[in-house]
Amino acid sequence: MTVLQEYVAVPHIAEVSMVLSKQSRHCSQTAPVLTALCNMRGKMHGMMHGMTAALSLTLLAIICSQAADAQEIVVSPPAPASPQIVSPQVVVPAGSQPSTQSRTAAKPVVGASAEQKVDGATYVALDSTLNRIYNGWAPQSVDELKALESQQAKVAAAIQQVTVNVRQGPAQGSGVLISGNYVLTAAHVGGKPKRDAVVVLSDGTELKAKVLGMNRNVDAGLLQITDTKGKTLPYATLGKSKSLKPGHWVIGSGHPGGWQSGRGAVIRVGRVLEVLSDTLITDVALIGGDSGGPLFNLRGELIGIHSRIGTDVVDNMHVPIDTFAHDWNRLFKGEAWGVLPGYAPSIGVLGVEDDSRAIIGKLRKDGAAFKFGIQVGDIVRKFDGQEIQTFEDLQNAVRATLPGDTVKIEVQRGDRVLRFPITIGVAE
Amino acid sequence: MRVPYSFIAINVVGMLVITASWLSTPAAKQRAIDSQAVVVNDYDPSTYLVQEPSRRRAQRPQLGNGLPNNNQRSSWQMLSAFRQALGGSQFSTVEVIIDDQRVAYGTVVHQDGWIISKDSQIPLNQKVVCRFADGSESNAQVVEHNSSLDLVLLKVTKRNLPAIKWANDQLPPRGNWVATPDTGSTPAAVGVVSAGLMTVAPQKVRLGVKLEDSNEGALISEVIPGTGAEMAGLQAGDKIVSVDGQKLANRNAVHDLLESCAPGQQVKLIVLRGMEQFEALAQMMDLAIELLEATEMEVNGLVSARSTGFSKVFLHDTVLSPNQCGGPLVNLNGQVVGINIARAGRVSSYALPVSTVRPEIERMVSEAQANQVVPANANMPLANPASVIEVR
């Protein structure tokens, strides 16, 4: 049992400290929250074990805001840009490429079409009999079903090669290889920039990778494989998402539950139901571990990355591929920005009016700060390793985390300085 | 268009942190097995999967409330296109009825009235009726249980039934269409093959509650949605004082007795809620460990009571209800590529492949036929219970 928390202070806090300690790094990140919560309320026994992070996060909620009253102000950056016209070729600026990386054959080219020479291993030319179905119609006969089946089985076989499992810390999801040994995934799979990650190929080979940037507004994340172990990696043919329409046939793959020997990537087929500026909704059903996995059109062109789901089986959200093209330079440079859709991090504290210091003015009873023992009047000095001077600093620091992250917070309470971990909640 | 809610809807509970059984270390699994702390899941996650966040419960529309969408994969047009592809397999499909409710589909495997269905869907000692595509009904007799495949062999007196046509024993490739016929003209559901053969390790049988000790029986501290416990109306705070007529003093006694049940079995519970005492009938389920999270169950829909413990199944993405298992799964030529054996999760249905299930079914049928042969010197020609013919 590793006690994450150190602190500099009086004994009675020690009790809280033990409660808050994390059992192991393997423990699901929110378990300590629950432990703490349950203990504080004196009804601990066995309760935490089955509680999911989701449940705990529902309990958490509230955001960091300087408003004087309890009114909630969701801290979120401006809404993501509406659908972008994607330039036909989005090329990584030569100057910013890593020196070790030969990039001759490695330009992510968005918008390959049948007429151009097609780059990538997943493209499957469309049989002319399939034009009607490609354009989003349902097959009307067994012959059309068979033509569609033949096409989707070819695409299924091809996309398995480029669908990877991504592990970052104790979290894992899926991803897809694109040219240049880059891996597209979901922001919430990648974690944080500069971290080390492991990419597991379809044959089980594990490769080292590094997290580059992420746009959390749309849940887009980028990784780069740093050591290919001498392999030449297959990569996906890139498509465009802006031309997608409801009814279009799509094929998804992923490694739900992690990479499994003998099983390989799991294939599902569905149709586009809605095209929003920053989200595709399909009935390609997703489940845990699919996040970050690829979505292809009927020609085997990559058009999206799996992101999140609703409770209905037909509510499955994907990141449109065009957003990666639009953000490529920032992602490549390792920038991380935005807040996951409907998933803003929050610790549930409010500041004090007319006081720019990071003083805790109010606590939400269901907030993370309250649960972890922060009190009204505490002055936050450090958060997740960053010095905090103003309440705005605190807001920014919270914004840079993901709900479920456990970070250290240091507060001044009277003449004592306390340091303890806090698990970030999600804003309602 | 469902625009308004779906984006708000993404508001999320989760990004979860889900532990996966298949990733757990052996030690963790052992711990889960040895655990006395809770009935449901006391396992030590060695890692967690990043799970797509699910919509918050309060914000989601009621199930079945969604407007029909012609663009969905399983739109009416699609199902209509599959009509011709069924190749008559709907006539080899039966509905297995108990108490006027369909509990499963059945598969006619031999023209002399031999029908296969999903064993754990059929309660013991109940009158079983098979309803055919022409609407006729016939009483069925349970002849043999095959617990390793979770199959049951039924016998009806009807003759000259159209038996299924098996596909060859090659596994259908990923991405190929599969249809689950109903007894009507249109398939019950369609999907594609998602993955090849896999082994699904058996899991412990669970009621779907977390239990604590109390002064009387076992106190329920949490009920997992979608489980037998929830369907039986149990709530946190209830106390289970008796199981199947046996009065039980503490948590461990309740836990042990529940664990000894079979998946699909109904248990009779005496429950104490406040001062009130009532009886509840609940189904036991062998849920996969990764489903033992409220959020997971919320996003999954109903899963089969027995959805684990299969040595060879293949995965397809058809959305089946538990009572749509037990019937045939056909390709676009109407040939049977497998028998649907479980709905295991949001996007996972399992089918027993031809290579596994066909030899076993043929063995069961031929053994049962052999038992039916009237012994030459028998005074009572129908001595074997398996050969009793019920006359409607």
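What share of the contacts in chain A with a separation of 6 or more comes from residues 24 or more positions apart? Here are some friendly notes, starting with that one.

1. Residues 24 or more positions apart supply 63% of those chain A contacts with a separation of 6 or more, where contact means heavy atoms within 4.5 Å. For chain B the corresponding value is 65%.

2. A word on conventions. This is a predicted model, in which local features need pLDDT of at least 70 and side-chain atom pairs count only at pLDDT 80 or more, while totals for chains, interfaces and linings use all residues. Residues are numbered from 1 along each chain as its sequence is written, chains are lettered from A and ligands numbered from 1 in the order in which they are written, and side-chain values use heavy atoms, with hydrogens and water left out.

3. On to the inventory. Chain A has ten helices and 22 strands, and chain B has seven helices and 20 strands; helices (H or I, at least four residues) and strands (E, at least two) are DSSP runs, numbered from the N terminus. Of the 428 residues in chain A, 60% are buried, and of the 392 in chain B, 58% are. Buried means under 20% relative accessible area, exposed over 50%, and partly exposed in between (1.4 Å probe, protein chains only). Chain A exposes about 15600 Å², with 51% of it from carbon and sulfur atoms; chain B exposes about 15400 Å², with 51% from carbon and sulfur atoms. These areas come from the Shrake-Rupley method with a 1.4 Å probe, and for residues only the protein chains shown count as cover.

4. The largest nonpolar core holds 100 residues, and Leu184(A), Trp177(B) and Tyr350(B) have the most contacts inside it. Helix H6 of chain A (residues 142-160) gives the most to this core, with seven residues. Such a core is a set of buried Ala, Val, Leu, Ile, Met, Phe, Trp, Tyr and Cys residues joined through side-chain atoms within 4.5 Å.

5. Trp177(B) also has a place in strand pairing: its bridge partner in S10(B) is Val192(B). Val193(B) stands opposite His316(B) in S17(B). Ten of the twelve residues of S10(B) (residues 189-200) are buried, so this strand is largely enclosed by the rest of the structure. Two strands pair if DSSP finds at least two bridges between them.

6. Chain B also contains a closed barrel of six strands, S3-S4-S5-S8-S7-S6, with antiparallel pairing. From one strand to the next, the twist averages 40°. Within chain B, strand S4 (residues 101-110) is joined to strand S5 (residues 114-118) by four bridges, and Val108(B) stands opposite Ile115(B) in S5(B).

7. In chain A, four strands form an open antiparallel sheet in the order S19-S18-S20-S21. Its edge strands are S19 (386-387) and S21 (416-423) of chain A, each pairing on one side only. Helix H10 (residues 391-399) of chain A packs on the sheet, touching S18 and S19 of chain A, and its direction makes about 40° with that of S18(A). Axes here are lines fitted to C-alpha atoms, for helices over the stretch in contact, and angles run from 0 to 180 degrees between N-to-C directions.

8. Finally, Gln140(A) lies in the loop between helix H5 (131-134) and H6 of chain A. Gln140(A) is exposed, with a relative accessible area of 57%. Not counting residues up to four places away in sequence, Gln140(A) touches Arg132(A), Ala81(B) and Gln84(B).
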